[in-house]
Amino acid sequence: HKEGIKTRITNMMMANTMLLNIGRNMKYVDNLYEQISTAKKIQVPSDDPITAARALKFRSSVSDTTQYQRNASQGMAWMDVTESAYTNVVNIMKSIKDRCVQAANGTLEAVDRQAIAAQIRQMTNQLGTEMDITYAGRYTFSGFRTDEPPVFERDDSRSFRINQTFAVNDIEITKSYQKLRLSSQTPIDTDPAVVNDTYIIKLPYANAQNVNLNGFTVVVASAQDETVPLTTYNPYDSSSIPAGTAVHIVETGEIVLNPGDAMNFNLNGVDVTYEKTGFAAGELNPIVYFKCEDLSPGGLTYNMDNQDMAYEFSVNTHVNINSLAKNVYTDKMYADLNNLCTLLESVTISDRRQLIEKYTLLGLSGDTLTKTVNNQLADEKARLTDVLHDRFNNMLEMCDRHIAAISKQQTDLGSRMNRLDLILARLDKDEGSYKKLMSDNEDTDMMQAIMFKSNAEAVYQASLKAGASIIQMTLSNFI
(Lines give C-alpha, C1' and ligand atoms only; values in the text may rest on other atoms or scores of the structure.)
Protein backbone atom coordinates (compact mmCIF):
# COMPACT_ATOMS: atom_id res chain seq x y z
CA HIS A 1 0.00 0.00 0.00
CA LYS A 2 1.05 3.50 -0.63
CA GLU A 3 2.00 5.42 2.44
CA GLY A 4 -0.98 6.97 4.09
CA ILE A 5 -3.50 4.70 2.34
CA LYS A 6 -5.20 1.96 4.35
CA THR A 7 -7.17 -0.91 2.80
CA ARG A 8 -10.02 -2.55 4.62
CA ILE A 9 -10.25 -6.36 4.15
CA THR A 10 -13.75 -7.60 4.60
CA ASN A 11 -15.09 -11.09 5.10
CA MET A 12 -16.71 -10.93 1.69
CA MET A 13 -13.40 -10.17 0.03
CA MET A 14 -11.69 -13.03 1.82
CA ALA A 15 -14.50 -15.41 0.85
CA ASN A 16 -14.41 -14.37 -2.81
CA THR A 17 -10.65 -14.73 -2.98
CA MET A 18 -10.86 -18.10 -1.29
CA LEU A 19 -13.50 -19.31 -3.77
CA LEU A 20 -11.43 -18.03 -6.71
CA ASN A 21 -8.36 -19.90 -5.54
CA ILE A 22 -10.33 -23.07 -4.85
CA GLY A 23 -11.81 -22.84 -8.37
CA ARG A 24 -8.36 -22.44 -9.87
CA ASN A 25 -7.11 -25.46 -7.95
CA MET A 26 -10.15 -27.45 -9.02
CA LYS A 27 -9.62 -26.40 -12.65
CA TYR A 28 -5.97 -27.50 -12.50
CA VAL A 29 -6.98 -30.87 -11.03
CA ASP A 30 -9.62 -31.22 -13.76
CA ASN A 31 -7.03 -30.45 -16.49
CA LEU A 32 -4.72 -33.11 -15.11
CA TYR A 33 -7.59 -35.62 -14.99
CA GLU A 34 -8.34 -34.88 -18.66
CA GLN A 35 -4.69 -35.26 -19.64
CA ILE A 36 -4.52 -38.62 -17.89
CA SER A 37 -7.87 -39.91 -19.18
CA THR A 38 -7.32 -38.78 -22.81
CA ALA A 39 -3.54 -39.29 -22.85
CA LYS A 40 -3.25 -35.88 -24.57
CA LYS A 41 -1.68 -32.74 -23.23
CA ILE A 42 -4.26 -30.43 -24.78
CA GLN A 43 -7.93 -30.87 -25.55
CA VAL A 44 -8.56 -27.80 -27.69
CA PRO A 45 -6.11 -25.55 -29.58
CA SER A 46 -6.68 -22.71 -27.12
CA ASP A 47 -5.15 -24.84 -24.35
CA ASP A 48 -1.71 -24.36 -26.00
CA PRO A 49 -1.68 -22.81 -29.51
CA ILE A 50 2.00 -23.59 -30.09
CA THR A 51 1.58 -27.27 -29.22
CA ALA A 52 -1.57 -27.39 -31.36
CA ALA A 53 0.26 -25.91 -34.38
CA ARG A 54 3.08 -28.42 -34.02
CA ALA A 55 0.55 -31.25 -33.66
CA LEU A 56 -1.08 -30.29 -36.97
CA LYS A 57 2.28 -30.23 -38.72
CA PHE A 58 3.37 -33.60 -37.31
CA ARG A 59 -0.01 -35.19 -38.06
CA SER A 60 0.24 -33.93 -41.66
CA SER A 61 3.75 -35.42 -41.96
CA VAL A 62 2.56 -38.79 -40.62
CA SER A 63 -0.45 -38.75 -42.96
CA ASP A 64 1.75 -37.93 -45.98
CA THR A 65 4.22 -40.65 -45.04
CA THR A 66 1.41 -43.18 -44.68
CA GLN A 67 0.11 -42.29 -48.13
CA TYR A 68 3.60 -42.58 -49.61
CA GLN A 69 3.90 -46.01 -48.01
CA ARG A 70 0.62 -47.07 -49.60
CA ASN A 71 1.89 -45.77 -52.95
CA ALA A 72 5.12 -47.70 -52.51
CA SER A 73 3.30 -50.91 -51.55
CA GLN A 74 1.01 -50.66 -54.57
CA GLY A 75 3.92 -49.79 -56.85
CA MET A 76 5.93 -52.75 -55.57
CA ALA A 77 2.97 -55.10 -56.05
CA TRP A 78 2.54 -53.80 -59.62
CA MET A 79 6.23 -54.35 -60.37
CA ASP A 80 6.20 -57.82 -58.75
CA VAL A 81 3.47 -58.86 -61.19
CA THR A 82 5.43 -57.32 -64.08
CA GLU A 83 8.67 -58.98 -63.02
CA SER A 84 7.05 -62.43 -62.99
CA ALA A 85 5.89 -61.81 -66.57
CA TYR A 86 9.44 -60.83 -67.56
CA THR A 87 10.79 -64.06 -66.11
CA ASN A 88 8.19 -66.13 -67.98
CA VAL A 89 8.85 -64.30 -71.26
CA VAL A 90 12.61 -64.92 -71.01
CA ASN A 91 12.03 -68.61 -70.21
CA ILE A 92 9.64 -68.96 -73.15
CA MET A 93 12.12 -67.32 -75.52
CA LYS A 94 14.84 -69.66 -74.31
CA SER A 95 12.54 -72.61 -74.97
CA ILE A 96 11.86 -71.32 -78.48
CA LYS A 97 15.60 -70.97 -79.01
CA ASP A 98 16.09 -74.58 -77.90
CA ARG A 99 13.55 -75.72 -80.50
CA CYS A 100 15.40 -73.73 -83.16
CA VAL A 101 18.73 -75.28 -82.16
CA GLN A 102 17.13 -78.70 -82.39
CA ALA A 103 15.68 -77.92 -85.82
CA ALA A 104 18.84 -76.27 -87.20
CA ASN A 105 21.03 -79.25 -86.32
CA GLY A 106 19.02 -81.93 -88.08
CA THR A 107 16.97 -82.82 -91.11
CA LEU A 108 13.29 -82.22 -90.52
CA GLU A 109 10.67 -84.58 -91.79
CA ALA A 110 7.15 -83.25 -92.34
CA VAL A 111 5.95 -84.58 -88.99
CA ASP A 112 8.95 -82.97 -87.24
CA ARG A 113 8.22 -79.61 -88.84
CA GLN A 114 4.62 -79.78 -87.78
CA ALA A 115 5.55 -80.69 -84.22
CA ILE A 116 8.04 -77.83 -83.90
CA ALA A 117 5.63 -75.39 -85.55
CA ALA A 118 2.91 -76.42 -83.09
CA GLN A 119 5.24 -75.97 -80.12
CA ILE A 120 6.51 -72.57 -81.24
CA ARG A 121 2.96 -71.44 -82.06
CA GLN A 122 1.76 -72.37 -78.57
CA MET A 123 4.71 -70.63 -76.94
CA THR A 124 4.08 -67.56 -79.10
CA ASN A 125 0.47 -67.54 -77.90
CA GLN A 126 1.70 -67.77 -74.32
CA LEU A 127 3.91 -64.72 -74.86
CA GLY A 128 0.75 -62.82 -75.71
CA THR A 129 -0.91 -64.16 -72.56
CA GLU A 130 2.03 -62.92 -70.46
CA MET A 131 1.61 -59.44 -71.94
CA ASP A 132 -2.07 -59.45 -70.95
CA ILE A 133 -1.47 -59.91 -67.23
CA THR A 134 -3.39 -57.56 -64.96
CA TYR A 135 -3.00 -55.99 -61.54
CA ALA A 136 -6.24 -54.99 -59.79
CA GLY A 137 -8.07 -55.33 -63.10
CA ARG A 138 -5.64 -53.12 -65.05
CA TYR A 139 -3.35 -54.34 -67.84
CA THR A 140 0.17 -53.72 -66.59
CA PHE A 141 1.92 -53.50 -69.97
CA SER A 142 -0.48 -51.07 -71.66
CA GLY A 143 0.88 -47.75 -70.42
CA PHE A 144 -1.88 -45.30 -69.54
CA ARG A 145 -4.43 -47.36 -71.50
CA THR A 146 -4.86 -49.94 -68.76
CA ASP A 147 -8.26 -50.98 -70.12
CA GLU A 148 -6.74 -52.11 -73.46
CA PRO A 149 -4.99 -55.52 -73.65
CA PRO A 150 -1.62 -55.44 -75.44
CA VAL A 151 -2.61 -58.61 -77.31
CA PHE A 152 -6.21 -59.07 -78.41
CA GLU A 153 -8.01 -61.64 -76.28
CA ARG A 154 -10.86 -61.95 -78.78
CA ASP A 155 -11.50 -60.95 -82.37
CA ASP A 156 -11.82 -57.21 -82.99
CA SER A 157 -13.41 -55.69 -86.09
CA ARG A 158 -11.97 -52.17 -85.90
CA SER A 159 -9.88 -50.56 -88.64
CA PHE A 160 -6.63 -48.67 -88.06
CA ARG A 161 -4.05 -46.79 -90.07
CA ILE A 162 -0.73 -47.82 -88.51
CA ASN A 163 2.70 -46.23 -88.64
CA GLN A 164 5.91 -48.19 -88.02
CA THR A 165 9.61 -47.46 -88.45
CA PHE A 166 12.00 -50.15 -89.67
CA ALA A 167 15.75 -49.98 -89.15
CA VAL A 168 18.45 -51.67 -91.20
CA ASN A 169 18.85 -54.48 -88.62
CA ASP A 170 15.17 -55.35 -89.12
CA ILE A 171 16.00 -56.65 -92.59
CA GLU A 172 16.34 -60.44 -92.70
CA ILE A 173 18.51 -61.97 -95.41
CA THR A 174 17.11 -65.45 -95.93
CA LYS A 175 15.92 -68.01 -98.46
CA SER A 176 12.35 -68.27 -99.67
CA TYR A 177 10.62 -71.52 -100.63
CA GLN A 178 7.71 -71.60 -103.08
CA LYS A 179 5.60 -74.34 -104.55
CA LEU A 180 4.08 -72.77 -107.64
CA ARG A 181 1.65 -74.05 -110.23
CA LEU A 182 3.53 -73.41 -113.42
CA SER A 183 0.99 -75.13 -115.60
CA SER A 184 -2.77 -75.31 -115.25
CA GLN A 185 -2.65 -78.75 -116.87
CA THR A 186 -0.87 -80.41 -113.94
CA PRO A 187 -1.98 -81.08 -110.33
CA ILE A 188 -1.30 -78.23 -107.93
CA ASP A 189 1.92 -78.33 -105.85
CA THR A 190 3.62 -80.83 -108.14
CA ASP A 191 6.07 -78.52 -109.88
CA PRO A 192 9.63 -78.31 -108.53
CA ALA A 193 10.20 -76.03 -105.52
CA VAL A 194 11.56 -72.57 -106.25
CA VAL A 195 14.18 -71.18 -103.86
CA ASN A 196 15.39 -67.58 -103.97
CA ASP A 197 17.65 -65.36 -101.90
CA THR A 198 15.30 -62.87 -100.27
CA TYR A 199 15.73 -59.62 -98.38
CA ILE A 200 12.63 -59.02 -96.29
CA ILE A 201 11.18 -56.86 -93.57
CA LYS A 202 8.13 -58.23 -91.79
CA LEU A 203 4.93 -56.46 -90.84
CA PRO A 204 3.31 -57.89 -87.71
CA TYR A 205 0.03 -58.38 -89.56
CA ALA A 206 -1.07 -60.40 -92.55
CA ASN A 207 -3.60 -58.98 -95.02
CA ALA A 208 -2.62 -55.35 -94.49
CA GLN A 209 -3.78 -52.90 -97.13
CA ASN A 210 -2.55 -49.68 -98.72
CA VAL A 211 1.06 -50.22 -97.66
CA ASN A 212 3.25 -47.15 -98.13
CA LEU A 213 7.00 -47.57 -97.67
CA ASN A 214 8.64 -44.16 -97.59
CA GLY A 215 10.89 -43.73 -100.65
CA PHE A 216 9.71 -46.94 -102.38
CA THR A 217 7.14 -47.94 -104.96
CA VAL A 218 5.10 -50.70 -103.33
CA VAL A 219 3.80 -53.56 -105.50
CA VAL A 220 1.23 -56.00 -104.09
CA ALA A 221 1.75 -59.72 -104.67
CA SER A 222 0.79 -63.16 -103.40
CA ALA A 223 3.09 -65.82 -101.99
CA GLN A 224 1.77 -68.19 -104.67
CA ASP A 225 2.50 -65.86 -107.58
CA GLU A 226 5.00 -67.08 -110.12
CA THR A 227 5.55 -63.48 -111.07
CA VAL A 228 4.30 -60.20 -109.73
CA PRO A 229 1.25 -59.10 -111.73
CA LEU A 230 2.15 -56.96 -114.74
CA THR A 231 5.86 -57.65 -114.20
CA THR A 232 8.32 -60.38 -115.05
CA TYR A 233 9.90 -61.10 -111.68
CA ASN A 234 9.18 -63.54 -108.86
CA PRO A 235 8.01 -61.64 -105.73
CA TYR A 236 10.52 -63.50 -103.55
CA ASP A 237 13.48 -63.14 -105.91
CA SER A 238 15.12 -60.01 -104.51
CA SER A 239 17.74 -59.88 -107.25
CA SER A 240 15.04 -59.46 -109.90
CA ILE A 241 13.10 -56.72 -108.09
CA PRO A 242 13.86 -53.28 -109.58
CA ALA A 243 15.68 -50.78 -107.40
CA GLY A 244 13.29 -48.51 -105.55
CA THR A 245 10.54 -51.14 -105.60
CA ALA A 246 9.24 -53.08 -102.60
CA VAL A 247 6.97 -56.11 -103.00
CA HIS A 248 4.30 -56.61 -100.34
CA ILE A 249 3.30 -60.26 -99.86
CA VAL A 250 -0.24 -59.84 -98.58
CA GLU A 251 -0.82 -63.25 -96.93
CA THR A 252 2.34 -63.15 -94.83
CA GLY A 253 2.98 -59.44 -94.25
CA GLU A 254 6.46 -59.73 -95.76
CA ILE A 255 7.94 -56.84 -97.73
CA VAL A 256 10.66 -57.97 -100.16
CA LEU A 257 13.43 -55.54 -101.13
CA ASN A 258 16.04 -55.28 -103.85
CA PRO A 259 19.48 -56.28 -102.41
CA GLY A 260 20.97 -52.87 -103.20
CA ASP A 261 18.08 -51.09 -101.50
CA ALA A 262 18.49 -53.36 -98.48
CA MET A 263 22.21 -52.66 -98.23
CA ASN A 264 21.65 -48.92 -98.55
CA PHE A 265 18.69 -48.80 -96.18
CA ASN A 266 18.34 -45.45 -94.45
CA LEU A 267 20.30 -45.62 -91.20
CA ASN A 268 17.69 -43.38 -89.56
CA GLY A 269 15.01 -45.93 -90.39
CA VAL A 270 12.23 -46.00 -92.94
CA ASP A 271 8.62 -45.21 -92.09
CA VAL A 272 5.92 -47.64 -93.18
CA THR A 273 2.20 -46.87 -93.03
CA TYR A 274 -0.57 -49.32 -93.77
CA GLU A 275 -4.18 -50.04 -92.99
CA LYS A 276 -5.54 -53.08 -91.21
CA THR A 277 -9.19 -54.04 -90.78
CA GLY A 278 -10.15 -56.81 -88.40
CA PHE A 279 -7.83 -58.39 -85.84
CA ALA A 280 -7.84 -61.99 -84.67
CA ALA A 281 -7.40 -63.05 -81.07
CA GLY A 282 -3.68 -63.26 -80.37
CA GLU A 283 -2.72 -60.38 -82.67
CA LEU A 284 -1.08 -57.22 -81.35
CA ASN A 285 -3.33 -54.36 -80.31
CA PRO A 286 -2.17 -51.37 -82.41
CA ILE A 287 -3.44 -48.91 -79.79
CA VAL A 288 -0.85 -50.26 -77.34
CA TYR A 289 1.99 -50.84 -79.80
CA PHE A 290 2.01 -48.19 -82.50
CA LYS A 291 1.24 -44.67 -83.49
CA CYS A 292 -2.08 -45.28 -85.19
CA GLU A 293 -5.39 -43.77 -86.17
CA ASP A 294 -8.79 -45.35 -85.64
CA LEU A 295 -10.50 -45.16 -89.04
CA SER A 296 -14.03 -45.39 -87.68
CA PRO A 297 -16.10 -42.16 -87.72
CA GLY A 298 -14.85 -39.87 -84.99
CA GLY A 299 -11.93 -42.23 -84.35
CA LEU A 300 -8.98 -41.08 -82.27
CA THR A 301 -5.26 -40.94 -83.00
CA TYR A 302 -3.10 -42.92 -80.58
CA ASN A 303 0.56 -42.52 -79.67
CA MET A 304 2.53 -44.68 -77.25
CA ASP A 305 5.16 -42.04 -76.44
CA ASN A 306 5.49 -40.88 -72.81
CA GLN A 307 3.43 -43.68 -71.26
CA ASP A 308 5.45 -43.98 -68.05
CA MET A 309 3.30 -44.31 -64.92
CA ALA A 310 5.29 -42.54 -62.20
CA TYR A 311 4.12 -42.83 -58.59
CA GLU A 312 5.09 -40.19 -56.02
CA PHE A 313 6.92 -41.59 -53.00
CA SER A 314 7.95 -38.35 -51.31
CA VAL A 315 8.26 -34.69 -52.19
CA ASN A 316 9.84 -34.47 -55.68
CA THR A 317 10.55 -38.22 -55.67
CA HIS A 318 8.85 -40.12 -58.49
CA VAL A 319 9.57 -43.65 -59.74
CA ASN A 320 8.20 -45.21 -62.92
CA ILE A 321 6.45 -48.46 -61.98
CA ASN A 322 5.31 -49.79 -65.36
CA SER A 323 6.84 -51.44 -68.40
CA LEU A 324 5.51 -51.27 -71.95
CA ALA A 325 4.62 -54.30 -74.04
CA LYS A 326 6.22 -52.69 -77.09
CA ASN A 327 9.59 -52.84 -75.29
CA VAL A 328 9.21 -56.44 -74.11
CA TYR A 329 7.19 -58.54 -76.55
CA THR A 330 8.10 -56.29 -79.45
CA ASP A 331 6.29 -56.13 -82.78
CA LYS A 332 9.52 -57.37 -84.42
CA MET A 333 9.63 -60.41 -82.11
CA TYR A 334 5.97 -61.14 -82.84
CA ALA A 335 6.54 -60.83 -86.60
CA ASP A 336 9.66 -63.03 -86.50
CA LEU A 337 7.94 -65.82 -84.56
CA ASN A 338 4.72 -65.78 -86.57
CA ASN A 339 6.59 -65.65 -89.87
CA LEU A 340 8.60 -68.71 -88.86
CA CYS A 341 5.45 -70.58 -87.76
CA THR A 342 3.67 -69.68 -90.99
CA LEU A 343 6.60 -71.00 -93.02
CA LEU A 344 6.75 -74.26 -91.06
CA GLU A 345 3.00 -74.75 -91.35
CA SER A 346 2.76 -73.96 -95.06
CA VAL A 347 5.83 -75.40 -96.80
CA THR A 348 5.38 -78.78 -98.46
CA ILE A 349 7.08 -81.13 -100.84
CA SER A 350 5.24 -82.80 -103.70
CA ASP A 351 3.08 -85.81 -103.07
CA ARG A 352 4.53 -88.95 -104.72
CA ARG A 353 1.16 -90.09 -106.02
CA GLN A 354 0.46 -86.73 -107.63
CA LEU A 355 3.93 -86.67 -109.18
CA ILE A 356 3.36 -90.09 -110.71
CA GLU A 357 0.04 -88.86 -112.09
CA LYS A 358 1.66 -85.71 -113.49
CA TYR A 359 4.58 -87.40 -115.24
CA THR A 360 2.37 -90.20 -116.52
CA LEU A 361 0.26 -87.54 -118.24
CA LEU A 362 3.50 -86.18 -119.70
CA GLY A 363 4.27 -89.59 -121.22
CA LEU A 364 6.80 -91.03 -118.77
CA SER A 365 6.63 -94.61 -117.55
CA GLY A 366 8.63 -97.42 -116.02
CA ASP A 367 12.09 -96.70 -114.64
CA THR A 368 12.15 -93.24 -116.19
CA LEU A 369 8.99 -92.32 -114.34
CA THR A 370 10.27 -93.70 -111.05
CA LYS A 371 13.65 -91.99 -111.42
CA THR A 372 12.10 -88.66 -112.35
CA VAL A 373 9.73 -88.77 -109.37
CA ASN A 374 12.50 -89.80 -106.95
CA ASN A 375 14.87 -87.11 -108.24
CA GLN A 376 12.30 -84.38 -107.85
CA LEU A 377 11.34 -85.50 -104.33
CA ALA A 378 15.00 -85.67 -103.31
CA ASP A 379 15.66 -82.24 -104.83
CA GLU A 380 12.65 -80.68 -103.12
CA LYS A 381 13.58 -82.21 -99.79
CA ALA A 382 17.16 -80.93 -100.10
CA ARG A 383 15.95 -77.45 -101.04
CA LEU A 384 13.47 -77.36 -98.15
CA THR A 385 16.12 -78.57 -95.70
CA ASP A 386 18.46 -75.82 -96.91
CA VAL A 387 15.76 -73.17 -96.55
CA LEU A 388 14.68 -74.31 -93.07
CA HIS A 389 18.29 -74.59 -91.91
CA ASP A 390 18.84 -71.00 -93.02
CA ARG A 391 15.62 -69.78 -91.38
CA PHE A 392 16.31 -71.52 -88.08
CA ASN A 393 19.87 -70.19 -87.98
CA ASN A 394 18.50 -66.69 -88.54
CA MET A 395 15.93 -67.30 -85.80
CA LEU A 396 18.67 -68.29 -83.36
CA GLU A 397 20.34 -64.94 -83.90
CA MET A 398 16.99 -63.18 -83.55
CA CYS A 399 16.20 -65.06 -80.33
CA ASP A 400 19.53 -63.97 -78.85
CA ARG A 401 18.82 -60.38 -79.85
CA HIS A 402 15.30 -60.45 -78.42
CA ILE A 403 16.39 -62.16 -75.18
CA ALA A 404 19.15 -59.55 -74.72
CA ALA A 405 16.64 -56.73 -75.22
CA ILE A 406 14.18 -58.29 -72.76
CA SER A 407 16.94 -58.84 -70.19
CA LYS A 408 17.92 -55.19 -70.50
CA GLN A 409 14.34 -54.14 -69.79
CA GLN A 410 14.15 -56.62 -66.91
CA THR A 411 17.35 -55.21 -65.44
CA ASP A 412 15.87 -51.72 -65.61
CA LEU A 413 12.76 -52.97 -63.79
CA GLY A 414 14.94 -54.65 -61.16
CA SER A 415 16.88 -51.44 -60.54
CA ARG A 416 13.61 -49.55 -60.05
CA MET A 417 12.40 -52.24 -57.64
CA ASN A 418 15.66 -51.97 -55.66
CA ARG A 419 15.24 -48.20 -55.47
CA LEU A 420 11.68 -48.66 -54.26
CA ASP A 421 12.91 -51.04 -51.55
CA LEU A 422 15.25 -48.31 -50.32
CA ILE A 423 12.42 -45.76 -50.42
CA LEU A 424 10.17 -48.10 -48.41
CA ALA A 425 12.89 -48.54 -45.77
CA ARG A 426 13.32 -44.76 -45.52
CA LEU A 427 9.57 -44.21 -45.28
CA ASP A 428 9.36 -46.72 -42.42
CA LYS A 429 12.06 -44.78 -40.55
CA ASP A 430 10.39 -41.46 -41.34
CA GLU A 431 7.08 -42.75 -40.06
CA GLY A 432 8.67 -43.81 -36.79
CA SER A 433 10.44 -40.48 -36.40
CA TYR A 434 7.32 -38.41 -37.13
CA LYS A 435 5.20 -40.50 -34.77
CA LYS A 436 7.77 -40.07 -31.99
CA LEU A 437 7.86 -36.31 -32.51
CA MET A 438 4.06 -36.22 -32.58
CA SER A 439 3.90 -38.27 -29.38
CA ASP A 440 6.46 -36.09 -27.61
CA ASN A 441 4.53 -33.00 -28.64
CA GLU A 442 0.96 -33.97 -27.72
CA ASP A 443 0.90 -37.16 -25.65
CA THR A 444 0.69 -36.97 -21.86
CA ASP A 445 3.68 -37.99 -19.77
CA MET A 446 1.69 -40.26 -17.48
CA MET A 447 4.22 -40.49 -14.65
CA GLN A 448 4.58 -36.73 -14.51
CA ALA A 449 0.84 -36.12 -14.87
CA ILE A 450 -0.03 -38.56 -12.07
CA MET A 451 2.55 -36.96 -9.80
CA PHE A 452 1.23 -33.46 -10.61
CA LYS A 453 -2.34 -34.71 -10.06
CA SER A 454 -1.47 -36.03 -6.62
CA ASN A 455 0.14 -32.73 -5.68
CA ALA A 456 -2.77 -30.78 -7.14
CA GLU A 457 -5.30 -32.85 -5.21
CA ALA A 458 -3.34 -32.27 -1.99
CA VAL A 459 -3.29 -28.53 -2.66
CA TYR A 460 -7.01 -28.61 -3.46
CA GLN A 461 -7.83 -30.43 -0.22
CA ALA A 462 -5.64 -27.99 1.74
CA SER A 463 -7.42 -25.05 0.10
CA LEU A 464 -10.77 -26.52 1.13
CA LYS A 465 -9.59 -26.84 4.75
CA ALA A 466 -8.21 -23.32 4.72
CA GLY A 467 -11.43 -22.07 3.26
CA ALA A 468 -13.43 -23.76 5.98
CA SER A 469 -11.48 -21.77 8.58
CA ILE A 470 -12.14 -18.51 6.74
CA ILE A 471 -15.84 -18.78 6.12
CA GLN A 472 -16.80 -20.14 9.57
CA MET A 473 -16.81 -16.60 11.03
CA THR A 474 -20.22 -15.06 10.47
CA LEU A 475 -22.20 -12.13 11.90
CA SER A 476 -23.89 -14.47 14.39
CA ASN A 477 -20.55 -14.89 16.13
CA PHE A 478 -20.69 -11.27 17.18
CA ILE A 479 -24.30 -11.21 18.42
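Here is a chat about the fold, pockets, cavities and cysteines of a predicted model.

User: Hi! What are we looking at, and how many helices and strands are in the chain?
Analyst: Hello! This is a predicted model, and the chain has 10 helices and 14 strands.

User: Is the chain a compact globule or more spread out?
Analyst: More spread out. The radius of gyration is 42 Å, while the globule rule gives 23 Å for 479 residues, so the chain is more spread out than a compact globule. Along the principal axes, its C-alpha atoms fill a box of roughly 160 × 40 × 35 Å.

User: And what share of the residues count as buried?
Analyst: That would be 43% of the 479 residues. On the contact side, take those with a separation of 6 or more: 75% of them are between residues 24 or more positions apart.

User: Nice. On to pockets: how much space lies in the largest one?
Analyst: About 470 Å³. Its lining has 22 residues, and Asn169, Asp170, Lys332, Arg401 and His402 lie nearest the centre.

User: Which elements give two or more residues to that lining?
Analyst: Strand 3 (156-166), strand 4 (172-178), helix 7 and helix 9 do. Helix 9 gives the most, with 7 residues.

User: How does the lining of the largest pocket divide by residue type?
Analyst: Into 10 nonpolar, 5 polar and 7 charged residues.

User: What about the second largest pocket, how much space is there?
Analyst: About 400 Å³. This pocket is lined by 25 residues, with Arg121, Gly282, Glu283, Tyr334 and Asn338 nearest its centre. Helix 3 (110-131) and helix 7 each supply at least two residues of the lining, which divides into 11 nonpolar, 9 polar and 5 charged.

User: Which residues line the largest cavity?
Analyst: Glu172, Lys202, Asp336, Asn339, Leu340, Arg391, Met395 and Met398. Helix 7 (331-346) and helix 9 (366-442) each contribute at least two residues to this lining. By type, the lining has 3 nonpolar, 1 polar and 4 charged residues.

User: Helix 9 keeps coming up. Where does valine 387 lie?
Analyst: Valine 387 lies in helix 9.

User: Is valine 387 buried or exposed?
Analyst: Buried: its relative accessible area is 0%, so valine 387 falls under the 20% cut-off. Leaving aside neighbours within four places in sequence, valine 387 is in contact with Lys175, Ser176, Tyr177 and Val195.

User: Last topic, cysteines. How many disulfides does a search of the whole structure find?
Analyst: It finds 0 disulfides.

User: Is cysteine 399 buried or exposed?
Analyst: Cysteine 399 counts as buried, at 0% relative accessibility. Cysteine 292 counts as buried too, at 2%.

User: Great, thanks for the tour!
Analyst: You're welcome!

Methods:
Residues numbered from 1 in each chain as written. Predicted model: local features only at pLDDT ≥ 70, side-chain atom pairs only at ≥ 80, totals over all residues. Heavy atoms only, no water. 1 Å grid on protein atoms, 1.4 Å probe; cavity = no way out; pocket = protein on both sides within 12 Å on 5 of 7 lines; lining within 4 Å. Helix = DSSP H or I, 4+ residues; strand = E, 2+ residues; numbered from the N terminus. Nonpolar A, V, L, I, M, F, W, Y, C, P; charged D, E, K, R; others polar. Points joined across faces, edges and corners; volume = space filled by probe spheres on them. Disulfide = S-S within 2.5 Å. Buried < 20%, exposed > 50% of the residue type's maximum accessible area, 1.4 Å probe, protein only. Rg over C-alpha atoms; globule rule 2.2 N^0.38 Å. Contact = heavy atoms within 4.5 Å.
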